[in-house]
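This briefing walks through one protein chain. Keep the sequence and the 3D view open while reading.

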Amino acid sequence: MKGIVYVILFTVHYSLFIACTDVQEHTAPAIRDRDSASVMTSYGVNTLISDSGVIKYKIITERWDVNTVKNPSRWTFEKGVFFEQFDEKFHVQAYIQADTAWYYDQKKLWHLRGRVKIRNINGLLYESEELYWDGIRHELYSNVFSKVTTPERNMEGTYFLSDERMTHYTVSNSKGSFTREDMTGESKDEGKDKQEAKKDTAQAPQQPMRQQLQKHRRTGR
């Protein structure tokens with residue numbers, strides 16, 4: 001009987017010893033990778049941004065995240081952004097808005113997505129779903145469908161390139177409405193005289209023209 005008791009006690013003791021030596025740690029994985037965490041998150045932002053000591057624009061956004069660990073480092077505006085662009089004399093040159101935006105501070109490059117709209121002081125309205133703003137080259141460009149509306153014309157195209165003030169711009173693969181003066185650069189009287197001169201002249205069949213890049217140049221007021 002005592003032998004059976006000793007066997008049982010030895011078995012229990014050995015089981016407890018094994019249980020104590022096989023303790024395992026239960027650790028949860030990291031919630032997010034280190035480079036995904038923002039070093040700064042601000043809400044309800046209304047601030048002025050300067051470059052080289054000169055105020056460039058005013059930013060209004062619901063949320064602003066700054067991440068300097070990601071490569072490349074960036075500012076993120078997931079809740080949309082609206083800002084005003086200023087000239088050297090602090091005059092408003094344009095209003096810009098988008099549903100989402102990223103600013104790569106080292107490259108000085110803005111990437112705007114979703115209902116992008118720009119309106120400048122000359123009455124030009126730009127609309128697209130995506131736009132890039134290169135602060136080093138001082139250019140705006142887009143490779144998706146874009147629409148440009150001015151007091152004189154309406155333009156639509158799949159490629160857009162412009163200076164920062166939207167006073168000199170190019171649209172390719174475009175379509176839209178123009179006046180005769182926009183297309184030829186001549187007045188109505190000059191065009192009428194040319195039509196009269198051609199009435200009695202036989203015309204050769206016209207060859208279809210290859211689609212070319214259409215450029216439109218405007219000067220600021």
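The points below run from the whole chain to single residues. The model is predicted. The protein chain holds three helices and 15 strands. Of its 221 residues, 30% are buried.

**Whole chain**

- The protein chain exposes about 15,600 Å². Carbon and sulfur atoms supply 52% of that area.
- Take the contacts between residues at least 6 apart in sequence: 38% of them join residues at least 24 apart.

**Nonpolar core**

- In soluble globular proteins, nonpolar side chains tend to be buried together.
- The largest nonpolar core here has 30 residues. Which of them touch the most other members? They are Trp-110 and Phe-160.
- Beyond its neighbours within four places in sequence, Trp-110 contacts a set of aromatic residues that includes Tyr-57, Phe-77, Phe-83, Trp-102, Tyr-103, Tyr-132 and Trp-133.
- Ile-59, Ala-101 and Leu-131 are also in contact with Trp-110.

**Leu-109 and strand S7**

- Leu-109 lies in strand S7, which covers residues 109–120.
- Is Leu-109 buried or exposed? Its relative accessible area is 16%, under the 20% cut-off, so Leu-109 counts as buried.
- With neighbours within four places in sequence set aside, Leu-109 touches Trp-102, Tyr-103, Tyr-104, Tyr-132, Trp-133, Asp-134 and Tyr-141.
- Trp-102, Tyr-103, Tyr-132 and Trp-133 are contacts of Leu-109, and they are contacts of Trp-110 too.
- Glu-139 is 30 residues from Leu-109 along the chain. The C-alpha atoms of the two are separated by 9.9 Å.

**Loop between S12 and S13**

- Strand S12 spans 159–163 and strand S13 spans 168–172; Thr-167 sits in the loop between them. Met-166 is in the loop between S12 and S13 as well.
- Met-166 has a positive phi of about 60°, although it is not a glycine.
- Met-166 is buried, because its relative accessibility is 1% and the limit is 20%.
- Thr-167 is buried too, at 10% relative accessible area.
- The side chain of Thr-167 makes a polar contact with the side chain of His-168, at 3.1 Å.

**Loop between S8 and S9**

- His-138 is located in the loop between strand S8 (125–134) and strand S9 (139–142).
- Its phi is near 60°, a positive value in a residue other than glycine.

**Loop between S2 and S3**

- Where does the chain carry a cis peptide bond? One runs from Asn-71 to Pro-72, with omega near 0°.
- Pro-72 belongs to the loop between S2 and S3.
- Val-69 is in the loop between strand S2 (54–67) and strand S3 (74–77).
- Val-69 counts as partly exposed, because its relative accessibility is 33%.

**Surface patch**

- Which residues make a nonpolar surface patch of about 220 Å²? Val-39, Met-40 and Val-69 do.
- Patch members need over 30% relative accessible area, and Val-69 has 33%.

Conventions
Residues are numbered from 1 along each chain as its sequence is written. This is a predicted model: local features need pLDDT of at least 70, side-chain atom pairs count only at pLDDT 80 or more; totals for chains, interfaces and linings use all residues. Side-chain values use heavy atoms; hydrogens and water are left out. Patches are made of residues with over 30% relative accessible area and no salt bridge: like charges are joined within 9 Å, nonpolar side chains (Val, Leu, Ile, Met, Phe, Trp, Tyr) within 5 Å. Accessible areas come from the Shrake-Rupley method with a 1.4 Å probe; for residues, only the protein chains shown count as cover. A salt bridge is a side-chain nitrogen of Lys or Arg within 4 Å of a carboxyl oxygen of Asp or Glu. Helices (H or I, at least four residues) and strands (E, at least two) are DSSP runs, numbered from the N terminus. Buried means under 20% relative accessible area, exposed over 50%, partly exposed in between (1.4 Å probe, protein chains only). A polar contact is a pair of N or O atoms within 3.5 Å; within protein, one must be able to donate a hydrogen and the other to accept it, and residues adjacent in sequence count only if both atoms are side-chain atoms. A nonpolar core is a set of buried Ala, Val, Leu, Ile, Met, Phe, Trp, Tyr and Cys residues joined through side-chain atoms within 4.5 Å. Contact means heavy atoms within 4.5 Å.
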